[in-house]
Structures are given as structure tokens and as C-alpha cells.
Amino acid sequence: MERHFDEQLQALRSHLMKMSAMAEVMIADAVRSVVEHDKDAISPVYEREELVNTMQMEIDESCMKLIALNQPAAADLRFILGIIKTNSELERLADEAVNIVKKADHLLTVEQLKPFELIPETSNIARSMVRDSLRSFVNRNTSLAREVLQRDDQLDALKTKIVNLLKECMAEDSKTVSRALDLMYISRCLERIGDHATNIAENAIFVVEGVDVRHHADEKRAAKSV
Amino acid sequence: MSTVIRVENLDLFYGDFHALKKVPMEVLARHITALIGPSGCGKSTLLRTLNRMNDLVPGVKITGSILFDGKEIYGPGIDVCTLRKRIGMVFQRPNPFPLSVFDNVAFGLRVDGRSSRRQIEDIVEQSLKRAWLWEPLKDRLNDSALSLPLDQQQRLCIARLLAVEPEVILMDEPCSALDPISTSKIEELMLELKKDYTIVIVTHNMQQAARISDYSGYMLLGEMIEFDATDKIFTNPREGRTQDYISGRYG
């Protein structure tokens, strides 16, 4: 029997999908502003942030009402908890996009340091993680979610590499410090974007399988049971 | 959103007992309004005033105002039979007549005496369909209604009401005799019916009120403590007493 409650859950899911699409576009614009030196990509990021913030509050309110009024259990409960958590990840993703464009303004006016060459690749990985984590959540695709988790290591490694190279630049020439710090900040933002995507992918696995894979909890459980 | 029933300053006495105290309530068309509160708070009494079921109680005294469709239902010139046809009631225990499924649903139409046999057949089919009983019962129309499982009996009582085309359906604990699966069927049916009908339900089951109603009134000792949108009542009630009841600290 199709429940009236299912319609409400479906509406919630659609709302989250709209917000995901918005956050994805923001990150794409933010990355483009830096990588392609596209000044026009900056202002839409600020405009969309307002929308995302509003959506975050609306989704939280819907979730609270759905819980208070329907006493969800099992898969329904996990779904709503997953939405609440993903909702806040999306809002933070949007914040990271804003953080990037804040630095983009300055970066666009100066000559790039060599480690900048690694930024496009780093951004591509971060963006793909966001895209796929959201897909995995919306489409309940846990194998895709697990792929996203693996990509996070790659992203972290790239970020560490960028930071180390920038340290060298600064050690060699103190005039590079300001630019290096900006780039470091951006690489840190990209890394965090990966972290948020990772969290969303973990939420996807939790919603579908009911398994908590955060902090390698599943591996620890497996080790205990051996 | 139009108001179908407006209750104002309603006082009701059973002899010396002051059962309803200056109660206000507004029932909106095509919405579900739930009355909740601990036993003896007056919620069923209030429900029963809405189609004058309390008239049958000896020693009852009612003052205040209940406007239905703009008219005072306790005023002069109100035909109680017509009122109860327009505002029907479903009770706690399913109460089908000891007749066949078909005759139960056709009963009101036959009493009314205005429908042809063919019309009655059509209306019975439509009413059973609306109560989601046509599929399970279409080949059992001549079976005794008393042979049906309880949830089907309750939906048959709803079909019996629908046959006489009420505007408002009052439900007094309609699921309290039913198991959770049967309860959820009735709840889904109510959500479907509210597209065309106005429903007022009394329930002991707060979660039921939360799941299905649009507006809720919390009653205590004959008073309407709080009446508001159900999502407001269940997420951020205005009154501490409502909060205590909703969260299970009282009642």
C-alpha cells in the first residue's frame, strides 16, 4: 500500500535534490573562477549561497515535522536522518565554494606559482566526489558511494603535495608568501569539499544498508568479529 | 480555506457536572481536525455536540454557539435527522447492522426513499469503492456484514456514511478496536477522504493525530487548552500543558 507518508518523503527527497544541484553548480563556478580565471563565475556563487542557506532551513524544518508527526522507523528513519546530515554537508559545501571565490578575486590578479598546476586535477577529483556522492545518495547506489570514499585518499595526497611544494616556494622566496597562502587555502577548501562528499557517501551507505562506515567503524567491527 | 463548523463559548453540563468550559473550535473544510487529551477531558463530548448526539443524554444542558454552514445547530428550525445526515459519525466499535454488506450501505438510501433500485446499486458500488472495499467485497455483497474482519466492518460503516453524502464525518476513536495494520488502512483512507470531506476525529492515540490531522485541539478537564496547526502543536506548542501531554509527561 502506497502510504501518504511516502509522498512526503518523496517531496523531501526532491527538495534535497534541488539543493544538491545548487551546491554542485556553486562548486563548479568557484573552481572555474580559479582554474579558468573566470571573473564572471564569482558573483553567482554569492547569489546561490543565500538560496542554499534558505533551503537548508526549509529542509531541516520539514525533517523535524516528519519526525514529530510520523514517528518514522527503520528505513524511513534512516532516510530522514540521512537527509538531515546530508543537508548540513551541502550547506558546508556551499560555504567552501564561497571561501574559494573569496580568494579567487586576489589570485586572478597575480602571477601563479608553479604548484597551481596541480589545482585543476585536485578540483576535478573534488568535483567528481561531490557529484558522485550526491548521485549515490539520491539513487541509493552504495557501490558508487564506496568509490567516492576511496577517492578521498587521492585528494588528500594531492593536497599534501601542493602544501609541501608551496612551503618550498615560500622558503625560496618570501615574496611568494601571500600567493602561496592563498593557494594553500584553496587547496584546503578543495580537500574539505572532498571531506563533505565523503560524509555524504557515508550517509548514502547508512541510509541504504543501515551500516555506519564512519571512522572505519565497519572495519573495526569486522576485526572484532574475527 | 472555508470554515465549516465554528464553535464559540460552548458550555456543556451533564446535570451538575461541567463537562465543556467555554470551548472554542474552528473546523476547516476538507481538512482533518483531531481532538486529543486524556480520558474524561471532554473531547468525545465536544465531538458529539457537533451533530447533536448529546441530545439523547438526559439532563444535558448546552449553551454557547455552534455554527454549521453559518447556521446555529441548536437554534430553532433545525431538523436533527438532516443535520446528522450532513454530519455523520463513525464510532469506536464498528457497528454494522446485522444485514448484508449491500443492505448496510443501501440502508440510508432506502430510508430516504428517493433513489431507484438502479441508483442505489450505483451508489453502493461508488461508496464501497471510496472506502476501498469494492475489490475485496464485490463478490460478497450478500454476505453478512458481521462476518467481515473488524477493519472491513469499520470501513463498511464509513461506506454506509458516504452513501448518504455527508459533508462532515465525525470519528470517535475509529481505530481503537483495530490492530496497527488495520489502523494504518483507516488512516490512509481518511487522508484520501479529506480531499472531498471534512473530518473531525477524537483519538487517544496522539501519534495518530500527528500522522493524519491538519489541526489539533488539546483538551484538558473540559477546556480547550490549545488549538493550532498539528505541526505547530507537535513541534512547538504554545502551552506548557500541551508540551507535557505531547511528550508523555502527563496523561
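Okay, hi everyone. Keep in mind as we go that what you see is a prediction. Let's begin in chain A, with helix α1, which runs over residues 4–35.

Quite a list of its residues is buried, including L12(A), L16(A), M19(A), I27(A) and V34(A).

Setting aside its neighbours within four places in sequence, I27(A) contacts L93(A), A97(A), R127(A), V130(A) and I193(A). In soluble globular proteins, nonpolar side chains tend to be buried together. Here, the largest nonpolar core has 127 residues, and the members touching the most others are I27(A), A97(A), A159(B) and L170(B). The top contributor to this core is α6(A), which gives 13 residues.

Next, where the chains meet. The contact uses nine residues from chain A and nine from chain B. On the chain A side, α2(A) gives the most, with five residues. Sorted by class, that side has four nonpolar, three polar and two charged residues.

Over to chain B, then. You can count ten helices and ten strands in it. Is it compact or stretched out? With 251 residues, a compact globule would have a radius of gyration near 18 Å, and chain B has 18 Å, so that fits a compact globule. Along its principal axes, the C-alpha trace of chain B spans about 55 × 45 × 35 Å, and 43% of the residues of chain B count as buried. Also, take the contacts in chain B with a separation of 6 or more: 68% of them come from residues 24 or more positions apart.

Last stop, a sheet in chain B. Four strands make an open sheet in the order β2-β1-β4-β5, with antiparallel pairing. Its edge strands are β2 and β5, each pairing on one side only. Between β1(B) and β2(B) there are eight bridges; for one residue pair to find on screen, R6(B) has E26(B) in β2(B) as its bridge partner.

That's it from me, thanks!

Notes:
Residues are numbered from 1 along each chain as its sequence is written. Chains are lettered from A and ligands numbered from 1 in the order in which they are written. This is a predicted model: local features need pLDDT of at least 70, side-chain atom pairs count only at pLDDT 80 or more; totals for chains, interfaces and linings use all residues. Helices (H or I, at least four residues) and strands (E, at least two) are DSSP runs, numbered from the N terminus. The expected span of a helix is 1.5 Å times one less than its number of residues. A residue is buried if 20 or more other C-beta atoms lie within 10 Å of its own, exposed if 12 or fewer, and partly exposed in between; C-beta atoms are placed from the backbone. A nonpolar core is a set of buried Ala, Val, Leu, Ile, Met, Phe, Trp, Tyr and Cys residues joined through C-beta atoms within 7 Å. Two residues are in contact if their C-beta atoms, placed from the backbone, lie within 7 Å. Ala, Val, Leu, Ile, Met, Phe, Trp, Tyr, Cys and Pro count as nonpolar, Asp, Glu, Lys and Arg as charged, and the others, Gly among them, as polar. The radius of gyration is taken over C-alpha atoms; the globule rule is 2.2 Å times the number of residues to the power 0.38. Two strands pair if DSSP finds at least two bridges between them.
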